[in-house]
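Subject: Handover of a structure

Hello,

I am passing this structure on to you, with notes on what was found in it. Please look it over before reading further.

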Amino acid sequence: MSFTVSSYDSANVVHMPEKLTMANANSVKQQLTEMIDEGKTNLVIDLAGMSFTDSSGLAVLVAVYKNIQKLGGSAVILSPQPAVQSLLELTRLQELFEIYQDPNAAIERVSKAA
Amino acid sequence: MNIAVSAKISEQDHFDINRILMVDDSPTERARLGAMLKDLGYEVVEACDGKEALALLERDQFQLILSDQVMPEMDGKTLCRTLRSNERYGSPYVVMLTAENDQNELVTCMDAGADDFLRKPAVKEELRVRLAAGARLVSMRKSVTDQNEQLNETVTALEAAQKQNEEELQFATHLQEEYVPKNQWLSPTLELATHFKTARGIGGDSMGYVTTNNNQVLIYQIDVMGHGVASAMLSFTLQNAIQQMLGYYINQSVLPPLHQIVRRLNERFPSERFSGLYFTMFLGMIDEQANTLRYCQAGHPHPCVLSEQGDMMQITRGSFPVGMFEFADFETRSLPFLPGSSLLLSSDGLFDIVDETNSALGRNAIENILKRERSKDAETQLDIIKQFAYDWGNQETPEDDVSVMLIKRSSENNQETELNVQPFLISLRPTESDVEKTLDRIYLHLKLLNTDDLILSKIRTALAELLNNFVEHTVWPEDYAELPIEIITTTSKSWIEFNIQEYSVELPHLCPPKPYSGESESGRGQHIMMSWIDQISCMRDNDANLWRLRFKNS
């Protein structure tokens with residue numbers, strides 16, 4: 001299970017899979033890293049469809065954050081479900097990412113940074 | 001002045017009635033009297049006045065003193081008064097030498113503390129009898145003092161022995177209390193409350209319970225006649241014997257009818273072998289599946305069994321105590337024990353508590369409380385009963401041992417949903433997808449039990465963190481049989497428990513989470529586990545690691 005991407009001008013919205021766990025985290029991480037390396041550094045990470053993740057899923061988010069920091073760009077999180085939201089809070093990842101509920105606001109935010 | 005004998009003090013000098021202190025200022029008189037005294041067999045120590053006599057008495061004790069009255073430095077009366085005013089001089093017998101025919105002088109001498117007097121000039125024969133009388137008195141006093149001392153020593157020794165006895169009894173009482181089952185749930189629907197109080201420090205009552213493999217609960221109560229050490233020791237022995245017997249039967253899955261167990265105890269513990277001590281007992285088994293209380297009662301007070309509707313079961317037949325008669329036979333009877341029922345088991349000590357007018361508390365009072373308070377939990381009911389009983393008796397310590405067990409079966413609508421137990425297996429050395437599939441199955445299982453979504457996702461994440469460890473970090477034994485990881489999920493209304501058994505070589509490292517920053521590479525999983533699992537424990541048993549994780553289900 002992997003992710004899909006929708007492109008809006010300079011922004012790319014990454015629709016994360018329903019589950020991001022140890023079983024698929026590594027391949028997701030690799031694909032995302034490649035994408036960022038190709039220059040797609042303005043990302044909206046859409047978690048609306050993601051019902052589960054664990055620490056390996058969080059590691060993917062941390063990797064995205066670090067790569068974007070390195071290359072210059074921005075990433076925000078969109079619409080996490082309550083369970084994922086509480087996991088982000090527990091592990092303080094909400095301090096690394098701005099979290100949006102409105103897709104347009106999120107897209108606008110990362111487009112501006114470009 | 002000369003000191004004729006420089007006395008060396010030794011223990012026996014302290015009491016030598018052949019030694020005399022002679023006090024006189026006139027050297028001639030001292031020579032004359034000294035000669036007489038030596039003739040009479042006395043060892044003589046001389047002093048020339050009261051002052052010198054006192055100095056000698058500071059160092060040495062004398063039982064007999066012969067003193068002149070009129071002396072320059074300190075006269076005889078002053079010497080006497082000083083002697084009598086201070087205990088350190090002992091209580092020597094003082095004979096005062098007084099001038100002839102002076103009645104007044106004599107009286108003042110005696111008032112000053114002299115024991116006897118001699119008119120001057122002293123005549124040898126008179127001196128002999130006066131001093132002999134003094135010696136008799138001193139000896140008598142000494143023997144009385146000695147006896148007193150001996151008596152005191154005996155009393156002190158006895159007191160010490162009694163203190164030790166009391167301490168040992170206190171310890172034994174403490175041990176006995178430790179053996180009393182605590183208030184607890186014997187099954188998800190059986191609540192036990194207990195009370196135990198001994199009459200004289202240590203008593204002959206015991207009680208306990210054992211759970212069978214089929215979730216039946218065996219309960220027993222023993223009351224060995226009398227109280228004190230002998231009864232308590234027998235009670236301990238019996239409790240051990242009963243626990244062992246029941247444990248054995250349950251292990252072998254061959255629990256005989258209850259009366260056969262009591263019969264066996266009757267054979268093993270005949271009172272002739274135990275100083276005439278016999279005991280009453282109640283042995284019961286609550287079977288929640290069959291909704292029954294089976295019991296065997298041997299001379300023990302009838303149990304109070306109350307239905308949810310408040311009907312008290314009438315139990316009238318009794319049987320002999322255990323150990324009293326070889327021929328005694330016992331029987332097992334059965335009563336309905338439906339949800340909402342209560343069982344109160346008590347030694348007679350409770351019913352026999354008497355008030356000031358010597359009227360006993362009795363069963364009815366207790367049964368009435370049980371009926372009236374039957375909607376309350378067992379612990380509260382027992383508290384009310386205790387309060388009532390001790391108020392009735394108006395005293396802290398009952399006259400007989402009091403031991404009470406109150407068991408309450410939850411009523412149907414109160415009961416937790418039946419425990420749901422479901423095992424899940426994952427292969428040894430699991431892969432990521434093995435973990436994933438198992439988590440999916442557990443998730444579905446809990447979802448079907450209507451588990452709250454947020455709790456469900458917390459459980460899923462926390463479990464994933466633990467199971468991922470098995471994939472990533474755990475060392476598996478090379479030569480070990482391919483035993484799967486077993487996860488047993490137990491769900492009740494209030495909690496969800498996971499018992500995980502796995503065969504990795506060592507316990508996966510688990511310690512409290514470190515201070516954690518969002519950006520750090522590792523520690524996140526452990527942080528999640530520690531935060532979201534309400535209780536976690538792990539133990540090593542039989543080459544396996546047993547993990548127990550508990551989550552609140554509300």
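How many helices and strands does the secondary structure of chain B come to? Chain B has 13 helices and 20 strands. Please keep in mind throughout that this is a predicted model.

The two chains

Of the 554 residues of chain B, 35% count as buried. Among the contacts in chain B with a separation of 6 or more, 69% are between residues 24 or more positions apart.

Chain A has 114 residues, and buried residues make up 46% of them. The secondary structure of chain A comes to 4 helices and 7 strands, and from the N terminus on these elements run β-β-β-α-β-β-α-β-α-β-α. For the contacts in chain A with a separation of 6 or more, residues 24 or more positions apart account for 76%.

Where the chains touch

The contact between the chains takes 18 residues from chain A and 19 residues from chain B. On the chain B side, helix 11 (432–448), helix 12 (453–472) and helix 13 (524–532) each supply at least two residues. Helix 12 of chain B gives the most to this side, with 8 residues. By class, the residues of the side of chain B that touches chain A are 5 nonpolar, 8 polar and 6 charged.

In soluble globular proteins, nonpolar side chains tend to be buried together. Here the largest nonpolar core has 62 residues, and the members that touch the most others are A:Val44, A:Ile45, A:Val60, A:Val76, A:Leu78, B:Ala462 and B:Leu463. The largest share of this core comes from helix 12 of chain B, with 8 residues. A second, separate core has 54 residues, including B:Leu192, B:Leu265, B:Leu361 and B:Met405.

Which residues does A:Ile45 touch, not counting residues up to four places away in sequence? They are A:Val14, A:Met16, A:Val64, A:Ala75, A:Ile77 and A:Leu78.

Two packed helices are described by the angle between their axes and the distance between the axes.

Helix 12 of chain B passes helix 13 of chain B in a left-handed crossing. From helix 12 of chain B, the contact is made by B:Lys458, B:Thr461, B:Ala462, B:Glu465, B:Leu466 and B:Asn468, and from helix 13 of chain B by B:Gly525, B:Ile528, B:Met529 and B:Trp532. These residues divide into 5 nonpolar, 3 polar and 2 charged.

The other pair is helix 2 (residues 50–59) and helix 3 (residues 76–85) of chain B, whose axes come within 9 Å and cross at roughly 25 degrees. Angles under 35 degrees count as roughly parallel, so that is how helix 2 and helix 3 of chain B lie to each other. Helix 2 of chain B passes helix 3 of chain B in a right-handed crossing. B:Gly50, B:Ala53 and B:Leu54 in helix 2 of chain B meet B:Gly76, B:Thr78, B:Leu79 and B:Thr82 in helix 3 of chain B. By class, this contact has 3 nonpolar, 4 polar and no charged residues.

Single residues

A cis peptide bond joins B:Lys120 and B:Pro121, with omega about -10 degrees. B:Pro121 is found in the loop between strand 5 (116–119) and helix 5 (124–179) of chain B.

A:Asp9 is not a glycine, yet has a positive phi of about 50 degrees. A:Asp9 lies in the loop between strand 1 (4–8) and strand 2 (11–15) of chain A. Is A:Asp9 buried or exposed? A:Asp9 is exposed, because 9 other C-beta atoms lie within 10 Å and the cut-off for exposed is 12 or fewer.

B:Ser275, also not a glycine, has a positive phi of about 50 degrees. B:Ser275 lies in the loop between helix 7 and strand 10 (279–287) of chain B, and counts as exposed with 10 C-beta neighbours inside 10 Å.

B:Glu267 is found in helix 7 (residues 258–268) of chain B and is exposed, with 11 other C-beta atoms within 10 Å. B:Glu267 and B:Met324 are 57 residues apart along the chain, and their C-alpha atoms are separated by 9.9 Å.

Regards

Notes:
Residues are numbered from 1 along each chain as its sequence is written. Chains are lettered from A and ligands numbered from 1 in the order in which they are written. This is a predicted model: local features need pLDDT of at least 70, side-chain atom pairs count only at pLDDT 80 or more; totals for chains, interfaces and linings use all residues. Two residues are in contact if their C-beta atoms, placed from the backbone, lie within 7 Å. Ala, Val, Leu, Ile, Met, Phe, Trp, Tyr, Cys and Pro count as nonpolar, Asp, Glu, Lys and Arg as charged, and the others, Gly among them, as polar. A residue is buried if 20 or more other C-beta atoms lie within 10 Å of its own, exposed if 12 or fewer, and partly exposed in between; C-beta atoms are placed from the backbone. A nonpolar core is a set of buried Ala, Val, Leu, Ile, Met, Phe, Trp, Tyr and Cys residues joined through C-beta atoms within 7 Å. A crossing is left-handed if the near helix is turned anticlockwise from the far one by less than a right angle, and right-handed if clockwise. Axes are lines fitted to C-alpha atoms, for helices over the stretch in contact, and angles run from 0 to 180 degrees between N-to-C directions. Angles under 35 degrees count as roughly parallel, over 145 as roughly antiparallel, 65 to 115 as roughly perpendicular and the rest as oblique.
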